[in-house]
Amino acid sequence: MQFPLPLINSAELTATLKSETVVLADCRFDLANPGWGRQAYLRAHIPGAVYFHLDEDLSAPIGPHGGRHPLPDPAMLAAKLGAAGLGPGVPVVAYDNNGAFAARFWWLLRWLGHDQVTVLDGGFQAWVEAGLPVTAERPQPAPRQCVPHPRPDMIAGMLTVRDRSADVVVVDARSPARFAGEPNPLDPWPGHVPGAVNRFWQEGLRPDGTWKSPEEQAARFADLPSGERVIHQCGSGVTACANLLAIAIAGLPDSRLYPGSWSDWCTYPGNPVEKA
């Protein structure tokens, strides 16, 4: 069975779980309280789900460059995915509490070469509100071999962003206030990459946490080029993945991600900064 990529709703997931072997990835997280997601998972999660921590599983350790959430080592991430039951052809569903963290997981799997991954629309809240079962029982999945096949064409590094041609657009997913240059404790410097445009990632979601329609997503990016001529960034390469997911929902060509994003840009003292 092929999933309705890149989103699946709770009813579709329930039906699929009755007949398919599916890896469920619980990606709930709170940037202000990094331990919250794991505690929430231990209290209650979708039956069969395995927890993936943004800092410990979906990011590499912080270094001099690379930002607050550097890309994980492909082999290490693949080993964790294999331990969770992921192997060739095995579909994956990721869910979270706000959309961005599941989007990060979705993007990472595609970067590793595993395309059969989708995001639960509305996340854990939608599942609970639908009256579907949850559990505190931790699963014991049968491990599989997961071999990574990274796709470097999905990534743009700092030099690519800095030295880009005039027809390449940088899309910043941070809030308008942070983009404009208001001080924020998360950012080493206030401001944005010169010439960047702002598309706040939360504008891709409805108030109930579900994703807007393909037509609405397409309208958010209608004035921009597409494909490799667009580079997405945010504070640390997490919420930018929500915009990349929105583009996939719209059916637009894949764009690139600047993984280190603003928190990496700021580690190079000579880089210019623009404020609104």
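What follows is a short chat about the predicted model shown above.

Visitor: What kind of model is this, and how many helices and strands does the protein have?
Guide: The model is predicted. The protein has ten helices and nine strands.

Visitor: What size of box do the C-alpha atoms fill?
Guide: Along the principal axes, the C-alpha atoms fill a box of roughly 50 × 40 × 30 Å.

Visitor: And how does the radius of gyration sit with a compact globule?
Guide: It agrees: a compact globule of 276 residues would have a radius of gyration near 19 Å, and the protein has 18 Å.

Visitor: How much of the protein is buried?
Guide: Buried residues make up 51% of the 276 residues. The accessible surface comes to about 11800 Å², and 56% of that surface belongs to carbon and sulfur atoms.

Visitor: How do strands of a sheet pair, in general?
Guide: Strands pair through backbone hydrogen bonds, either parallel or antiparallel.

Visitor: Back to this sheet, then. How many bridges join strand 1 to strand 5?
Guide: Two bridges join strand 1 to strand 5 (residues 117-120). Ile8 stands opposite Leu120 there.

Visitor: Next along, what joins strand 4 to strand 5?
Guide: Three bridges, with the two strands running parallel. Val93 has Thr118 of strand 5 as its bridge partner.

Visitor: And strand 2 with strand 4?
Guide: Strand 2 and strand 4 (residues 92-95) pair in the parallel sense over four bridges. Opposite Val23 stands Val92 of strand 4.

Visitor: Which residues of helix 2 are buried?
Guide: In helix 2 (residues 36-43), the buried residues are Gly37, Ala40 and Tyr41.

Visitor: Why do they line one face of the helix?
Guide: Seen down the axis of helix 2, the buried residues fall within an arc of 100 degrees, so they line one face. As a general point, an α-helix has 3.6 residues a turn, so residues three or four places apart point the same way.

Visitor: What do those buried residues pack against?
Guide: They pack against strand 2 (23-26) and strand 3 (50-51).

Visitor: New topic. Where is Arg199?
Guide: Arg199 is in the loop between strand 7 (197-198) and helix 8 (214-220).

Visitor: Is it buried or exposed?
Guide: Arg199 counts as buried, because its relative accessibility is 14% and the cut-off for buried is under 20%.

Visitor: What does its side chain reach?
Guide: The side chain of Arg199 reaches the backbone oxygen of Arg220 at 2.8 Å. Beyond its neighbours within four places in sequence, Arg199 is in contact with several residues, including Val171, Asp172, Phe221, Asp223 and Asn243.

Visitor: Where is Ser261 found, and is it buried or exposed?
Guide: Ser261 is found in helix 10 (residues 261-265). Ser261 is buried, with a relative accessible area of 0%.

Key:
Residues are numbered from 1 along each chain as its sequence is written. This is a predicted model: local features need pLDDT of at least 70, side-chain atom pairs count only at pLDDT 80 or more; totals for chains, interfaces and linings use all residues. Side-chain values use heavy atoms; hydrogens and water are left out. Buried means under 20% relative accessible area, exposed over 50%, partly exposed in between (1.4 Å probe, protein chains only). The arc is that of the directions from the helix axis to the C-beta atoms. Contact means heavy atoms within 4.5 Å. Two strands pair if DSSP finds at least two bridges between them. The radius of gyration is taken over C-alpha atoms; the globule rule is 2.2 Å times the number of residues to the power 0.38. Accessible areas come from the Shrake-Rupley method with a 1.4 Å probe; for residues, only the protein chains shown count as cover. A polar contact is a pair of N or O atoms within 3.5 Å; within protein, one must be able to donate a hydrogen and the other to accept it, and residues adjacent in sequence count only if both atoms are side-chain atoms.
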